[in-house]
Amino acid sequence: MSQTIAKAYEPARVETKWYRWWQEKGYFQAHADSEKPHYSIVLPPPNVTGKLHLGHALNITLQDIIIRWKRMHGFDVLWLPGTDHAGIATQNVVERQLAKQGKRRVDLGREKFEKTVWEWKDTAEKNILDQARRLGCSWDWSRKRFTLDEGLARAVREVFVRLHRDGLIYQGEYLVNWCPRCTTAISDLEVEYAPRKGQLWHIRYPIQGKEDSVVVATTRPETMLGDTAVAVHPEDERFTHLQGRSVLLPLMDRVIPVITDTFVEREFGTGVVKVTPGHDPNDFEAGRRHGLLLLKVIGEDGKMTEAAGAYAGMDRFEARRKVVSDLQEQGFLMKIEDHSYNIGLCQRCETVVEPLVSKQWFVKVKPLAEAAIQAVEEQQTVFVPENYQRVYFEWMRNIHDWCISRQLWWGHRIPAWYCDDCGEVTVEQVEPSTCSNCQGESLKQDPDVLDTWFSSALWPFSTLGWPDQTRDLEVYYPTQTLVTASDIIFFWVARMMMMGLRFMKAVPFRTVHINGLIRDEHGKKMSKSRGNVIDPLQIMDEFGTDAMRFTLAVLAVPGTDVPFSISRMTGYRAFCNKIWNAVRFLLLNLGDEKVVSEQEMDQLRRQDQLDLGERWILSRLQTVVAETNENLEKFRFHEASNGLYHFFWHEVCDWFIELAKIGFAGQDLEKGRKTGRFTAYILENCLRLLHPFIPFITEELWQELPHSGDSLMVAPFPVARQEWIDRAAEEEMEGLQELVTAIRTTRSENNIDPRKKIPLQLLCKQEYRSFLRSQLLFIENLAQLKEVDFVSKLETGGHRVQGVSRMADFVLVLDQVIDIAADRQRLSRQIGRSTASLQQLQKKLQDSQFLKKAPQRVVDAARRRHQEAVEQVKKLQAKLDGLSQP
């Protein structure tokens with residue numbers, strides 16, 4: 001305990017000191033053999049692509065609040081840290097770095113490129129982990145993991161081999177989403193659709209053996225080079241004459257059949273569609289049903305292939321222009337229409353995605369999804385807010401097989417080897433020495449890597465030591481809680497559910513809390529192009545980590561996006577300063593006192609040794625404690641933080657501390673000591689309530705107060721004592737607050753210096769007379785009164801201002817306070833100005849030309865201002881009339 005606390009809170013000095021101390025003390029570390037109840041939480045591992053953004057800060061803050069709260073409630077808690085290798089994203093970052101040096105990954109070769117990415121990873125990961133420390137994350141650093149570390153790589157291979165053995169991983173040639181920029185297949189979830197204004201080209205296809213033609217409409221004329229049929233709906237009577245016939249493919253002079261298929265939308269275009277199995281998902285399936293030839297006219301590099309004939313080697317968009325030009329020149333282009341549609345873009349680089357047929361590895365997910373759906377239906381896992389359960393079901397019930405192979409160099413290499421002698425594919429956890437079919441020794445590993453989300457899907461159990469049956473796995477799986485954003489429910493949450501149930505026979509987490517996405521103060525997405533990105537490091541440097549954490553908690557309404565603004569930061573920095581000043585005030589008045597125990601407080605209460613203000617704040621504390629625990633239990637971070645803010649600022653500081661000042665200022669030394677000890681008890685409990693939200697400032701102040709234990713971080717979180725709730729004290733205090741507020745308001749309305757002590761007459765309601773007499777000292781001090789007369793009738797003569805409250809009416813005696821002559825002059829000048837303004841408005845509203853020509857909104861505004869001016873003049877005149885001449 002110290003009476004030399006600094007005048008102002010200095011976050012930079014405090015934060016590093018306490019984080020290092022907490023870590024050295026081992027407070028972050030979980031103990032699987034502890035007899036305490038266990039609690040574990042899944043950290044969404046940040047990608048090693050750079051640094052943490054404000055969305056990470058929100059997600060991490062909410063998790064840390066839960067972890068610190070549970071730890072203070074006596075749980076052995078595990079919050080396991082780690083980072084994600086983020087295959088395609090990280091490889092893109094490093095490739096851009098190489099491009100600045102005029103190099104490509106192929107120039108380095110795979111081994112050297114991988115080494116370069118590992119070097120990037122080490123640097124980026126260090127930055128990320130340092131930022132996490134700045135945020136106050138109470139991670140168990142002894143258990144840090146990385147999705148490409150040796151243990152997790154072993155788990156990934158084990159899962160791949162088992163799923164392959166069970167027939168749930170297979171290889172095949174299918175149409176996939178292909179990014180020509182990233183030169184890899186990507187999943188449906190990695191494709192983002194954006195609205196585009198384009199065109200619809202109507203192309204004539206001559207019917208073979210007839211002088212007639214059919215017209216098809218397409219948004220992608222370059223793909224017609226790969227057409228192997230045209231299709232009509234079997235029930236479309238307009239085209240029954242085409243059934244069984246063939247057409248000539250323009251520009252390619254290739255005869256292709258007319259097929260009938262129900263996938264054709266009769267209302268789209270002309271009702272006749274081109275069929276390009278190699279470049280359209282629907283066409284691919286139709287081609288399989290009808291046994292059509294599959295031609296690949298666009299390659300992995302986005303350029304036209306040899307199958308495109310004269311257009312080979314052209315970029316796909318260049319080919320489009322050339323095809324349209326040639327169609328027009330040769331008389332096959334009938335018309336062009338404007339057409340709006342959605343175009344698929346690569347989530348990572350925004351390149352237009354190309355549907356291509358490619359040999360890839362897939363997970364057959366439907367059997368896995370069925371178990372994951374059932375688990376949520378049975379509430380083994382619940383979503384908060386509940387509406388996200390519907391989003392989860394919608395996707396899971398319409399799920400497609402998952403393409404898991406990526407044509408990248410950074411990631412988990414697929415554990416499959418091809419035999420040069422017989423072509424057999426051998427899938428094993430470790431590299432085989434011979435072919436499983438012919439025992440040949442000429443084997444080559446598949447060059448592709450697994451989708452990043454494959455290893456991420458195993459995170460809840462692979463990080464705990466699986467496939468080994470470790471003590472950590474036994475104790476901490478399933479985890480209790482996952483806090484994440486809505487945009488990765490499909491990418492990550494659903495896949496963790498499927499993999500957890502498959503390999504652990506249990507859900508990976510009991511509760512999924514969905515927080516919103518960070519937006520700017522106008523609700524717009526933050527992006528570098530908009531210039532509205534806010535760097536959390538800069539915020540922490542300027543305002544302190546605690547202010548940022550508290551701001552994020554207050555704004556974190558479940559399931560809604562978070563509008564973040566710097567102005568809110570200013571307010572919550574002021575809140576931190578308010579806490580600092582309140583504790584500093586106490587320390588300057590406390591003396592050498594010891595900690596007040598719960599037993600001692602209960603004894604004071606039972607022996608009726610607490611005054612009204614103390615009974616009231618002790619009662620209110622119990623309610624706030626109960627509400628805080630309930631709100632955190634239900635993940636209502638915004639309500640918990642808002643409740644604590646209003647309690648500490650508007651009840652503890654605005655009222656209780658002001659009452660405490662009276663106890664400290666009196667001549668009764670014993671009462672002053674009791675006031676100090678009681679105030680210390682209240683503030684120490686407030687610091688414990690606030691610690692999960694603002695850990696640094698609360699630890700610093702708690703160490704200065706009388707306390708029991710080594711650290712606030714492991715001190716017990718308050719638990720409400722219902723028997724300490726005093727409704728009578730709360731009602732009496734509410735009446736007292738109403739009276740004091742009414743007096744303060746009346747003073748303010750009459751421009752009385754708030755520091756000036758003035759006399760008051762008090763006409764009490766009979767039932768409150770004795771109570772208000774007992775609280776006279778409080779009323780005088782809180783309302784800045786010189787003397788209070790309890791009267792049976794209020795005097796109205798002289799310089800008096802009357803006010804009312806629930807418990808009493810009152811009159812402020814202003815004879816020695818107000819300069820009547822000066823006030824009359826001031827009010828007369830105001831009335832003159834207001835009257836002149838009123839006359840101008842009256843003149844305008846009497847002008848028929850103004851009423852006739854001005855827009856209605858302008859006329860309405862003038863009438864509104866006129867009415868306000870009338871009221872203003874009335875109020876000013878009433879005040880002037882109330883001031884009698886001296």
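Predicted model: local features only at pLDDT ≥ 70, side-chain atom pairs only at ≥ 80, totals over all residues.
1. **Ala32.** A residue counts as buried when its relative accessible area is under 20%. Ala32 is found in the loop between helix 1 (11-25) and strand 1 (38-42). Leaving aside neighbours within four places in sequence, Ala32 is in contact with His38, Asp76, Arg143, Arg471, Asp472, Val475 and Tyr476. Val483 is 451 residues from Ala32 along the chain, and their C-alpha atoms are separated by 22 Å.

2. **The whole chain.** Now step back. The chain has 28 helices and 29 strands. Its radius of gyration is 37 Å, while the globule rule gives 29 Å for 886 residues; the chain is therefore more spread out than a compact globule. Along the principal axes, the C-alpha trace spans about 115 × 85 × 55 Å.

3. **Cover and contacts.** Of the 886 residues in the chain, 55% are buried. The chain exposes about 40200 Å², and carbon and sulfur atoms supply 46% of that area. Take the contacts between residues at least 6 apart in sequence: 77% of them join residues at least 24 apart.

4. **The largest core.** In soluble globular proteins, nonpolar side chains tend to be buried together. Here the largest nonpolar core has 138 residues. Which of its residues touch the most other members? They are Phe564, Leu762, Leu772 and Leu812. Helix 20 (residues 637-665) gives the most to this core, with 16 residues. There is also a second, separate core of 67 residues, which includes Leu152, Val365, Phe461 and Val507.

5. **Phe564 close up.** Look at the contacts of Phe564, leaving aside neighbours within four places in sequence. Among them are Leu54, Ile518, Met526, Ile534, Ile539, Leu552, Leu555 and Met569. The list also includes Arg519, Asp520, Glu521 and Thr551.

6. **Helix 19.** This helix covers residues 612-633, which makes 22 residues. From first C-alpha to last, helix 19 reaches 32 Å, close to the 32 Å expected at 1.5 Å a residue. Helix 19 is mostly covered, with 17 of its 22 residues buried.

7. **The ends of helix 19.** Which residue caps the N-terminal end of helix 19? It is Asp611: one of its side-chain oxygens lies 3.2 Å from the backbone nitrogen of Gly613. Just after helix 19, Phe635 takes a positive phi of about 65°.

8. **Thr545.** This residue is in helix 16 (residues 545-555). Is Thr545 buried or exposed? Its relative accessible area is 0%, so Thr545 is buried. Not counting residues up to four places away in sequence, Thr545 touches Glu15, Arg134, Leu135, Met540 and Phe696.

9. **Two cis bonds.** Most residues other than glycine have a negative phi, and most peptide bonds are trans. Check the backbone with that in mind. A cis peptide bond joins Val384 and Pro385, with omega at about -5°. Pro385 is in the loop between strand 15 (382-384) and helix 10 (387-396). Trp466 and Pro467 are also joined by a cis peptide bond, with omega at about 15°.

10. **Pro467.** This residue is found in the loop between helix 12 (459-462) and helix 13 (471-476). Its relative accessibility is 17%, so Pro467 counts as buried. Leaving aside neighbours within four places in sequence, Pro467 is in contact with Arg154, Ala155 and Glu158. Pro467 and Glu158 are 309 residues apart in sequence, and 7.6 Å apart in space, C-alpha to C-alpha.

11. **Two positive phi values in loops.** Leu251 has a positive phi of about 70°, although it is not a glycine. Leu251 is in the loop between strand 10 (246-249) and strand 11 (254-260). With a relative accessible area of 17%, Leu251 is buried. Glu350 is another residue to check: its phi is near 65°, a positive value in a residue other than glycine. Glu350 is in the loop between strand 13 (333-346) and strand 14 (354-363). The cut-off for exposed is over 50%. Glu350 has 61% relative accessibility, so Glu350 counts as exposed.

Key:
Residues numbered from 1 in each chain as written. Heavy atoms only, no water. Helix = DSSP H or I, 4+ residues; strand = E, 2+ residues; numbered from the N terminus. Expected span 1.5 Å × (residues − 1). Buried < 20%, exposed > 50% of the residue type's maximum accessible area, 1.4 Å probe, protein only. Polar contact = N/O pair within 3.5 Å; in protein donor to acceptor, adjacent residues only side chain to side chain. Core = buried A, V, L, I, M, F, W, Y, C linked by side-chain atoms within 4.5 Å. Contact = heavy atoms within 4.5 Å. Rg over C-alpha atoms; globule rule 2.2 N^0.38 Å. Areas by Shrake-Rupley, 256 points an atom, 1.4 Å probe, with all protein chains shown as cover.
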